[in-house]
Amino acid sequence: MLVDFDYFFAQIEEKRNPSIKDKPVVVCVYSGRSQDSGAVSTANYVARRYGVKSGIPIALAKSKLENVEAVFLPVDHRLYEEVSEKTMTVLRGYADYFEQVGIDEAYLDVSRRVNCSFEQAAELARRVKNDIRSQHELTCSIGIGPNKLVAKIAADAQKPDGLTVVKPAQVESFLVPLSVDRLIGVGVKTKEKMETIGIRTIGDLAKYDLWRLTEVFGRKLGTHFHNALMGIDDKLVQERGEAESISRIATLKEDTRDLKTILDRTDRLCEEVHEDVRQRGLSFKSVGIIAISTDMSIRSRSKTLDNPANKSEVLKRTVEGLFGKLVSESELKVRRVGVKVSNFAREQKTQKQITSFLGDSES
Ligand code: TTP
Ligand code: CA
């Protein structure tokens, strides 16, 4: 689930001074150049009804709120950071894995504790909201989905104080009518570019030819959009400080380009890497190697596996293939070698998740 606090800075200001609650509240970053120069940081939902939103000039916000009794306040970052820290601690207690993104947003992987049930996840979300309300007098909006991408879009679907659950079977119908700019990576420019080729909704994008899409936006972005609109996203909820890759590097006894000598050494590195991966309960989807040659030049190769793996044999075999290619492609002798795995999935749970999702989509 993605938890996003509502009009965060402005809500904290309302909490500090409840008498302003029913008025438009505009939190501003004053640049100090002149009295009204600067930009709106955020505004409460009363102010938003007048068209006031993050990023607009303070002077423009004032003109939109002319003749209205509105409250303009300077940002108080220290207070917001303090509230953020406290509320994040509450949220962390509800997650198997927790990832804060920004001052007022966090992803909570709750799959394990709710046994992959979306009903139980919704129940948990209601508890989170109650807890935050009673402990901190704040409201938040929560989106629940099979992955981070869907959870994020779901959280934006109903605000403020919303709770939106999107089960795997509902992902497509949920995404199709939404505007393309709800996808990460679609900014104002991309949106305009899409409009010129007739794409307004995620559904339009889904119908669009993938080849054309990659022609217009490049292969990386084109594929990203394609995956995103299918609701595909396999990124982990990444705990802070948790490794994004695990690697080992070693110096060979002698400089060589004999594959067997190299693999003798990398096999041991693979075992060390594998042990580390095993202890953390992870599986990996990417394998990389690095070779530092006698002249200190560095070469690397990597491979993405079709499925997450956790066996040392798979790692060794992949590393063998990569080094085979690397050695055959160069005359240089190798001095140091390294092995790296990345693109992690959490072991066991993945399988369970997939089967539970199937169960869910049938119900
Ligand atoms: P957001 O979560 O984007 O916005 P919000 O919490 O104010 O409103 P919403 O109910 O739509 O979630 O941003 C969190 C805080 O970050 C926001 O309260 C103020 C700050 N911020 C800025 O200072 N400038 C900006 O342009 C944006 C978008 C946010
Ligand atoms: Ca927010």
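Select ligand 1 to begin: 13 residues surround ligand 1, and the closest are Y7, S41, T42, Y45 and K159. A residue is placed in this shell if one of its heavy atoms lies within 4 Å of the ligand. The model is a predicted one, in which local features need pLDDT of at least 70, side-chain atom pairs count only at pLDDT 80 or more, and totals for chains, interfaces and linings use all residues. Residues are numbered from 1 along each chain as its sequence is written, chains are lettered from A and ligands numbered from 1 in the order in which they are written, and side-chain values use heavy atoms, with hydrogens and water left out.

**Stop 1: the surroundings of ligand 1**

Display the polar contacts of the ligand, a polar contact being a pair of N or O atoms within 3.5 Å; within protein, one must be able to donate a hydrogen and the other to accept it, and residues adjacent in sequence count only if both atoms are side-chain atoms. At T42, an N or O atom of the side chain is 2.5 Å from an oxygen atom of ligand 1. At D104, a polar side-chain atom lies 3.0 Å from a ligand oxygen. At F5, a polar backbone atom is 3.2 Å from an oxygen atom of ligand 1. On its own, ligand 1 has 560 Å² of accessible area, of which the protein covers 68%. Such areas come from the Shrake-Rupley method with a 1.4 Å probe; for residues, only the protein chains shown count as cover.

Next, colour the elements that give two or more residues to this shell: β1 (2-5), α1 (8-16), β3 (38-43) and α2 (45-48). Helices (H or I, at least four residues) and strands (E, at least two) are DSSP runs, numbered from the N terminus. By class, the shell holds 5 nonpolar, 3 polar and 5 charged residues. In this scheme Ala, Val, Leu, Ile, Met, Phe, Trp, Tyr, Cys and Pro count as nonpolar, Asp, Glu, Lys and Arg as charged, and the others, Gly among them, as polar.

**Stop 2**

F5 belongs to strand β1 and D104 to the loop between β5 (97-100) and β6 (105-109), so the pair ties together parts that are 99 residues apart in sequence. F5 is buried at 2% relative accessibility, and D104 is buried at 13%. Buried means under 20% relative accessible area, exposed over 50%, and partly exposed in between (1.4 Å probe, protein chains only).

**Stop 3**

Move to D109 in strand β6, which is buried at 10% relative accessibility. A polar contact of 2.7 Å joins its side chain to that of S111.

Then select α6 (148-157), where 8 of the 10 residues are buried; among them are L149, V150 and I153. N147 caps the N-terminal end of this helix, with a side-chain oxygen 3.2 Å from the backbone nitrogen of L149.

**Stop 3: backbone features**

Continue to P160, in the loop between α6 and β8 (163-165). A cis peptide bond, with omega about -10°, joins K159 and P160.

Select N67, which has a positive phi of about 65° although it is not a glycine. N67 is found in the loop between α3 (58-64) and β4 (71-74), and is exposed at 83% relative accessible area.

M296 also is not a glycine, and its phi is positive, about 75°. M296 lies in the loop between β10 (282-293) and β11 (298-309) and is exposed at 52% relative accessibility.

**Stop 4: strand β11 and the whole chain**

Select S302 in strand β11, which is exposed at 61% relative accessibility. S302 and L322 are 7.1 Å apart in space, C-alpha to C-alpha, and 20 residues apart in sequence.

Finally, display the whole protein chain, which has 14 helices and 12 strands. Its C-alpha atoms fill a box of roughly 80 × 50 × 45 Å along the principal axes. Of its 363 residues, 45% count as buried.
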